[in-house]
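Colleague: I'm new to this one. Please walk me through what you've got.

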Amino acid sequence: DAQGQYTILANGTSSDPSNGFFSIGCNAGTFRVDTDPGSVPPGFLPPEAVVVSVEVPDAGDPVLTIPDTATTETEGGETRLILELRQAAGGVSGTVTLGSGGAFVFVEVEDANSRQWMGGGQTSFDGTYFVPLPPGTFDVKLSPYSLPYGTVAPAPQRVTVSDSTISGVDFALSQAGAILEGFVLLPDDTINTDAPGLDCSAIASNTNVRPVPCSVDLLIPSQNDNTPSTWLTAVFADPFTGRFALPLGDGTYEVNVFGGSLPPGMLPPAPLTVVVSGDSVTVSGEYADCSDDAAKKLIFVTGGAATLRGRVVAGTGLDAKGSGAFIEVIDPTEGHFFTGAPTNPLDGTFELTLGERSYDVRVSPFSLPPGMIAPAPARVSATGSTISVEAADGVDFTGDFLTITLQTASRSISGTVTDSSSNPMSVSIQVLDAQG
């Protein structure tokens, strides 16, 4: 959105495959109701989103307002939305090659503005593909997980699609000119992390370091402060040695240890900046060279100093009961996932380790009990071992303990998803914050 904030998913459900019916709970507010593009069947386009509002008066029933421009039906005195999937006439097509032949990879398409996943498709054995799309501007890219090892993903390409045009986008894979090799480690106090003091060939037997299994991500750096870096690919560090190897082509990259993949209690360092030209690799940031091979880099993770303890409850006062849910720790500006933890299903308690910075802590909407609504994310700051939380509705921070209170949905939005011939369609329905 215009503020650079991530979109808040308020609730979600799936339409019934036998009749297309859905019903989804929501509280007072204004919401955008649409389908998850990733759930739409091949060859169809998502319907137009509908913005609805829910008012909860002090007396009487909640009021759901649906705009006159939306298609509706009345069933049993209840107004239902009709979300109609459309046959795709336009889209993007092309060929992916490796050398003189076609490449068998997966093509992905994202909305150029919201970065929402809009569709994708596997290439044929000759490298050709087609992805149906609605009118709009999109970024087309290759799924890094589908690339042959040792090849480099080309940069995403931006295209504009109209109602009936098919835009051509070709990709040519290339072999990596360089490999960034290193180790992700958790050292003890005897290790000087500012100097190359570790023999990388003997790391597996070094009792002063702990190899860390985690995801090492490769990104294209953002060109300004308003957009996040573009994720390209990732490899997983070996659980026994911490070793990773990233194939790289010419360019400038960020290499980032993904915090969400780290074991509990560990925090990632700042991303490295890597510049590749031919077989030359230049690295800057927080790392150390191996004492026996300067081409290999040591990346050190740390243990968090602050512990956030809390509880998720449903109800208030004496009626409050602990609730099973999943707690997510999110970057407040870019929406990146840092870490998370499930609550204890018996009493709703949770515990998270945090490093020094600010976070948004929220209940994952996919983990909400039926009929419940989560409050807005809690803004949490960690300084050393101290935790502070900004006051907000549905959030209480008393005695260094965070309580997140779930609310009962005051109104439901229901409707039917069909194709243009009124056949029921099964897709995933989303309710998004319309202000975001």
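Modeller: One term before we start: Ala, Val, Leu, Ile, Met, Phe, Trp, Tyr, Cys and Pro count as nonpolar, Asp, Glu, Lys and Arg as charged, and the others, Gly among them, as polar. This is a predicted model, where local features need pLDDT of at least 70 and side-chain atom pairs count only at pLDDT 80 or more, while totals for chains, interfaces and linings use all residues. Residues are numbered from 1 along each chain as its sequence is written, and side-chain values use heavy atoms, with hydrogens and water left out.

Colleague: OK. How many cavities of 30 Å³ or more turn up?

Modeller: One, in a search of the whole structure. A cavity here is a set of points on a 1 Å grid over the protein atoms alone where a 1.4 Å probe fits but cannot get out. The largest cavity holds about 40 Å³ of space, a volume being the space filled by probe spheres set on the points, which are joined across faces, edges and corners.

Colleague: Which residues line the largest cavity?

Modeller: K141, L142, A153, P154, P156, W231 and L232 (lining residues have an atom within 4 Å of a point). By class, that lining has six nonpolar, no polar and one charged residues. At least two lining residues come from each of β15 (136-142) and β23; strands are DSSP runs of E, at least two residues long, numbered from the N terminus.

Colleague: Let's follow β15. Which strand pairs with β15 over five bridges?

Modeller: That's β12, in the antiparallel sense; two strands pair if DSSP finds at least two bridges between them.

Colleague: Why is β12 called largely enclosed?

Modeller: Because five of the six residues of β12 (residues 106-111) are buried. Buried means under 20% relative accessible area, exposed over 50%, and partly exposed in between, with a 1.4 Å probe and protein chains only.

Colleague: And what joins β12 to β13?

Modeller: Five bridges, with β13 (residues 117-122) running antiparallel to β12. V109 has G119 in β13 as its bridge partner. The two strands form a hairpin with five residues between them, and R115 in the turn has a positive phi of about 65°.

Colleague: Back to the other lining strand, β23. Where does β23 sit in its sheet?

Modeller: At an edge: β23 (230-236) and β28 (280-284) are the edge strands, each pairing on one side only. Their sheet is open and has five strands, in the order β23-β22-β25-β27-β28, with antiparallel pairing. At the β28 end, five bridges link that strand to β27 (residues 272-277), and V276 has V281 as its partner in β28.

Colleague: What's the strand order in the open sheet of four?

Modeller: β2-β43-β8-β7, with mixed pairing. β2 (21-26) and β7 (72-75) each have a single partner strand, so one side of each is left without a neighbour in the sheet. I82 is partnered with T416 in β43.

Colleague: Changing topic: where is G43?

Modeller: G43 is in the loop between β3 (29-35) and β4 (44-45). This glycine is partly exposed, with a relative accessible area of 23%. R86 is 43 residues away along the chain, yet its C-alpha atom and that of G43 are separated by 8.5 Å.

Note on methods. On a 1 Å grid over the protein atoms alone, a cavity is a set of points where a 1.4 Å probe fits but cannot get out, and a pocket is an open set with protein on both sides within 12 Å along at least five of seven lines; lining residues have an atom within 4 Å of a point.
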